[in-house]
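The sequence and the structure are shown first.

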Amino acid sequence: MELTLVNERRRPAYAAHRLAEFAARCRAGGLAVTPQRLAIIKVLLDSSEHPRADAVCAAVRKQHPHISLATVHRTLETLCEIGEARKVTMLHDSARYDGNLTPHHHVVCIKCRRIRDIEIPELDRILAGRGELGEFTVIGSSLEIHALCERCGAQSAKRAKARIAAHGQRIKRSHN
């Protein structure tokens with residue numbers, strides 16, 4: 001099975017395409033297109049970080065200084081309800097949001113909580129067209145892989161090496 005991190009260089013073209021169609025999709029769904037909604041979806045589409053609502057709010061406040069965190073939360077929930085965004089890591093401390101609607105999954109660092117998009121075409125093919133899974137009706141899927149990112153893995157290895165060295169020094173002193 002092939003696992004591939006999504007190439008971040010594809011993000012600007014994808015974001016431009018989605019943003020160009022966003023207003024039309026909102027209008028078709030009976031949702032008003034406000035400058036704040038446009039700013040929020042733009043932040044999601046431009047970010048590879050899968051931001052929390054507070055980070056989205058901070059970014060949007062650069063253009064709309066009076067927008068409230070409550071408004072951002074409501075807008076993010078609305079975008080998820082109409083299929084314009086997705087919640088990621090809903091079972092963790094707080095929801096993170098993703099504007100990438102192409103089929104993909106996520107790898108999450110268990111230390112720093114960094115999230116990267118990952119493509120698993122074989123898994124998507126297995127689930128494609130599947131309407132039921134036992135007593136459940138399948139409406140979508142998102143696999144979350146827990147891992148250590150390169151930076152956190154290196155820090156853990158460095159700490160382990162330091163502990164081993166300190167332990168060796170204690171043993172050496174006790175023998176003297």
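At what angle do helix H2 and helix H4 pack, and how far apart are their axes? In this predicted model, H2 (residues 35-46) and H4 (residues 69-81) pack at an angle of about 70 degrees, and their axes are 10 Å apart. Because angles of 65 to 115 degrees count as roughly perpendicular, H2 is roughly perpendicular to H4. On the H2 side, the contact is made by Arg37, Ile40, Ile41 and Leu44; H4 contributes Val72, Thr75, Leu76 and Leu79. By class, the residues of this contact comprise six nonpolar, one polar and one charged.

**Strand pairing**

An open sheet is formed by four strands in the order S1-S5-S4-S8, with mixed pairing. Strand S1 (4-5) and strand S8 (144-147) are the edge strands, each of them pairing on one side only. Strand S4 (residues 105-109) pairs with strand S5 (residues 115-119) in the antiparallel sense, over four bridges. Val108 stands opposite Ile115 in S5.

**Cysteines**

Zero disulfides are found when the whole structure is searched. For Cys152, the nearest cysteine sulfur is that of Cys149, 3.6 Å away. A disulfide requires sulfur atoms within 2.5 Å, and Cys152 is in no disulfide. The table gives the accessibility of two cysteines.

| Residue | Relative accessible area | Class |
|---|---|---|
| Cys57 | 3% | buried |
| Cys152 | 6% | buried |

Terms used. Residues numbered from 1 in each chain as written. Predicted model: local features only at pLDDT ≥ 70, side-chain atom pairs only at ≥ 80, totals over all residues. Heavy atoms only, no water. Axes fitted to C-alpha atoms, helices over the stretch in contact; angles between N-to-C directions. Helix = DSSP H or I, 4+ residues; strand = E, 2+ residues; numbered from the N terminus. Parallel < 35°, antiparallel > 145°, perpendicular 65-115°, else oblique. Contact = heavy atoms within 4.5 Å. Nonpolar A, V, L, I, M, F, W, Y, C, P; charged D, E, K, R; others polar. Buried < 20%, exposed > 50% of the residue type's maximum accessible area, 1.4 Å probe, protein only. Pairing = 2+ DSSP bridges.
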